[in-house]
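Here is a short briefing on one protein chain. Keep the structure open as you read.

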Amino acid sequence: MKNPIRTLLLVASILSPLSVFAEPAKFVLTSTDIAAGKHMKKAQEFNGFGCTGDDLSPQLSWSGAPAGTVAYAITAYDPDAPTGSGWWHWQLVNIPADVTSLATGAGKSDQSAAPKGSQHIENDYGVAGFGGACPPQGHGVHHYKFTVHALSKKLELPANASGALTGYMINANSLGSASIEALYKRD
């Protein structure tokens with residue numbers, strides 16, 4: 001009779017190197033405009049409410065999405081806003097699965113630079129598109145979390161969906177996410 005432990009060790013030693021190939025790719029988000037832990041440029045500052053920036057959404061690229069991804073959503077959120085609930089700067093949903101990058105300015109409210117079939121949700125400035133950073137002067141450093149979410153299905157949202165409803169639907173259908181947390185401050 002064969003030794004079962006020896007057989008198990010032999011099988012494990014043969015399969016062990018193969019397990020490297022079975023690991024899923026890491027889902028990552030990168031940008032040429034923003035970086036983790038670094039202050040954003042004036043290009044990503046809002047133009048209004050006393051801010052005078054260019055109000056351009058940053059360039060974003062992602063790779064390594066989980067298997068089964070049908071669409072993507074992009075969110076930009078400031079948890080430091082003095083509102084009691086943070087501030088939604090951007091929510092773009094139903095980005096087609098074959099799109100893996102957005103150019104600088106893709107968050108324009110006229111939808112002209114967003115991928116076909118995607119939908120901007122009204123941000124907390126009251127605009128369906130990107131709204132840049134504009135923390136209160138002297139309020140210190142704010143953290144802006146840009147996240148790409150891999151979705152298991154396209155989201156069915158009403159035209160006037162709130163940021164909270166959109167966030168709920170994104171999280172309920174998310175297969176995974178990747179983020180960059182950039183900073184901004186107004187003295």
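A residue is called buried when its relative accessible area is under 20%, exposed when it is over 50%, and partly exposed in between (1.4 Å probe, protein chains only). By that rule Gln-59 is buried, because its relative accessible area is 14%. This is a predicted model: local features need pLDDT of at least 70, side-chain atom pairs count only at pLDDT 80 or more, and totals for chains, interfaces and linings use all residues. Residues are numbered from 1 along each chain as its sequence is written, and side-chain values use heavy atoms, with hydrogens and water left out.

**Overall make-up**

- The protein has three helices and ten strands. Helices (H or I, at least four residues) and strands (E, at least two) are DSSP runs, numbered from the N terminus.
- Starting at the N terminus, the order of elements is α-α-β-β-β-β-β-β-β-β-β-α-β.
- The protein has 187 residues, and 42% of them are buried.
- A contact means heavy atoms within 4.5 Å. Take the contacts between residues at least 6 apart in sequence: 70% of them join residues at least 24 apart.

- Strands of a sheet pair through backbone hydrogen bonds, either parallel or antiparallel. Here, two strands pair if DSSP finds at least two bridges between them.
- E4 and E7 run antiparallel and are joined by two bridges. Ser-61 has Ser-101 in E7 as its bridge partner.

**The sheet of five strands**

- Another open sheet has five strands, in the order E8-E6-E5-E9-E10, and its pairing is antiparallel. Strand E8 (119-120) and strand E10 (174-184) are its edge strands, and each pairs on one side only.
- Strand E5 (residues 71-78) and strand E9 (residues 142-151) run antiparallel, joined by seven bridges. Ala-71 is opposite Leu-151 in E9, and Ile-74 is opposite Val-148 in E9.
- Ten bridges link E9 and E10 in the antiparallel sense. His-149 is opposite Ser-177 in E10.
- E9 is mostly covered, with eight of its ten residues buried.
- Helix H3 (residues 163-172) lies across E5, strand E6 (87-96), E9 and E10, at about 45° to E6. Axes are lines fitted to C-alpha atoms, for helices over the stretch in contact, and angles run from 0 to 180 degrees between N-to-C directions.

**Nonpolar cores**

- A nonpolar core is a set of buried Ala, Val, Leu, Ile, Met, Phe, Trp, Tyr and Cys residues joined through side-chain atoms within 4.5 Å.
- The largest one has 26 residues, and Trp-62, Ile-74, Trp-90 and Leu-102 touch the most other members. E4, E5, E6, E9 and E10 each give two or more residues to this core.
- A second, separate core has ten residues, including Ala-71, Ile-121, Leu-157 and Ile-170.

- Gln-59 lies in the loop between E3 and E4. A polar contact is a pair of N or O atoms within 3.5 Å; within protein, one must be able to donate a hydrogen and the other to accept it, and residues adjacent in sequence count only if both atoms are side-chain atoms. The side chains of Gln-59 and Ser-61 make such a contact at 2.7 Å.
- Beyond four places in sequence, the contacts of Gln-59 include Thr-30, Asp-33, Ser-101 and Thr-104.
- Asn-94 is in strand E6 and counts as buried, because its relative accessibility is 6%. A polar atom of its side chain lies 2.6 Å from the backbone nitrogen of Leu-155.

**Two residues with positive phi**

- Phe-49 is not a glycine, yet its phi is positive, about 55°. Phe-49 sits in the loop between strand E2 (47-48) and strand E3 (51-52). Its relative accessibility is 62%, so Phe-49 counts as exposed.
- Asp-55 is not a glycine either, and its phi is also positive, about 55°. Asp-55 is in the loop between E3 and strand E4 (60-63). At 23% relative accessibility, Asp-55 is partly exposed.
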